[in-house]
Amino acid sequence: MKRSSWAIPYSIFLMLFVVLPLVLVAVYAFSDGHGGVTISNLTTFFTDPKIIGSFLVSLEVALENTLICILIGYPVAYILADKKYNKSATTAMLFIAPMAINALMRTMATAEIFNMAGIPLGKGTLIFGMVYDYLPFMIFPIYNVLDKMDKSYVEAAQDLGASPMTAFRKVTLPLSLPGVLSGAMMVFMPTVSTFAVSEILTNNRIMLFGSVINEQFNNLMWNQGAALSFVMLIIIGITMFVGNDSKEEDAGGLVL
């Protein structure tokens, strides 16, 4: 048996559960209720104030969540990767332990804590829940980059007279940017498309773009729901393309 034959099961799985669903989304997005071809489903995204409003709110929440995760996650990843402060990889694994619990259960538990404390559900609780859910996705890409980084670069910069802060700013930070960008994409994109977290932590007071898509399918408006999903796929694809280009530029952007 040829070695390439082992790829056949994976190819079948890929076609059935990745390619075929994407094709169906595209077909429904460009079809009307009678099977005809139309682009009216896509134009709804640009003309419906409710959809535009939810999308802008989703972008705002996603940006805030991503920035907070970077501000919290980078120092944590830096400490975990520094052998002076963390001599065991076990400490890093503790951050992934909560992820063993179902995300929906963690979100419901978080909402119950707010209810018990008498804290009204709203945007603040939503941001808190988002950061709680997605912070590990920011920490680990940054940690992996920092942990594998050649420490001799920093030592060379200090030997040339750079202060610790200058060495961090001109050596460590540029070399760690690919991890930051990877973490940002892993946090930003799921935040834009999520719906369960926002519904639970805001008691349906804030409707994100994912909630609008879910509402379309619940109301059996499959064509419009598929069109909005198709728009989301395009946005995710553009984000990934720009992110990959940025990581390649940052990888070669070290200046001493």
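How much space lies in the largest cavity?

Author: This is a predicted model, in which local features need pLDDT of at least 70, side-chain atom pairs count only at pLDDT 80 or more, and totals for chains, interfaces and linings use all residues. Residues are numbered from 1 along each chain as its sequence is written, and side-chain values use heavy atoms, with hydrogens and water left out.

The largest cavity holds about 40 Å³ of space. A cavity here is a set of points, on a 1 Å grid over the protein atoms alone, where a 1.4 Å probe fits but cannot get out; lining residues have an atom within 4 Å of a point. Grid points are joined across faces, edges and corners, and the volume is the space filled by probe spheres set on the points. The structure holds 1 cavity of 30 Å³ or more.

Its lining consists of Leu59, Phe188, Met189, Val192, Met232, Ile235, Ile236 and Thr239. H8 and H11 are the elements that give two or more residues to this lining, and H11 supplies the largest share, 4 residues. Helices are DSSP runs of H or I with at least four residues, numbered from the N terminus. By class, the cavity lining divides into 7 nonpolar residues, 1 polar and no charged. Nonpolar covers Ala, Val, Leu, Ile, Met, Phe, Trp, Tyr, Cys and Pro; charged covers Asp, Glu, Lys and Arg; the others, Gly among them, are polar.

Helix H11 spans residues 222-251 and also contains Ser229. Ser229 counts as buried because its relative accessibility is 18%; buried means under 20% relative accessible area, exposed over 50%, and partly exposed in between, with a 1.4 Å probe and protein chains only. Leaving aside residues up to four places away in sequence, Ser229 touches Val25, Ile213 and Phe217, where contact means heavy atoms within 4.5 Å.

Helix H8 leads on to the largest pocket, where H8 gives the most to the lining, with 5 residues. A pocket is an open set of grid points with protein on both sides within 12 Å along at least five of seven lines. The space in the largest pocket is about 450 Å³. Of its 17 lining residues, Tyr78, Asp82, Lys84, Val154 and Thr172 are the closest to the centre. Helix H3 (49-81), helix H7 (152-159) and helix H8 (164-193) each give two or more residues to the lining. This lining has 10 nonpolar, 2 polar and 5 charged residues.

Tyr78 also forms an edge-to-face aromatic pair with Phe168, at 5.7 Å centre to centre and 90 degrees between the planes. Rings of Phe, Tyr and Trp (its six-membered ring) pair if their centres lie within 6.5 Å; planes under 30 degrees apart count as stacked, over 60 as edge-to-face and the rest as tilted. Tyr78 lies in helix H3 and Phe168 in helix H8, so this pair ties together parts 90 residues apart in sequence. Tyr78 counts as partly exposed, at 34% relative accessibility, and so does Phe168, at 24%.

By the ring rule there are 13 aromatic pairs. Another edge-to-face one joins Phe55 and Phe209, with 5.3 Å centre to centre and 75 degrees between the planes. Both of these residues are buried. Ring pairs also link Phe55 and Phe209 with Phe45 and Phe46 into a cluster.
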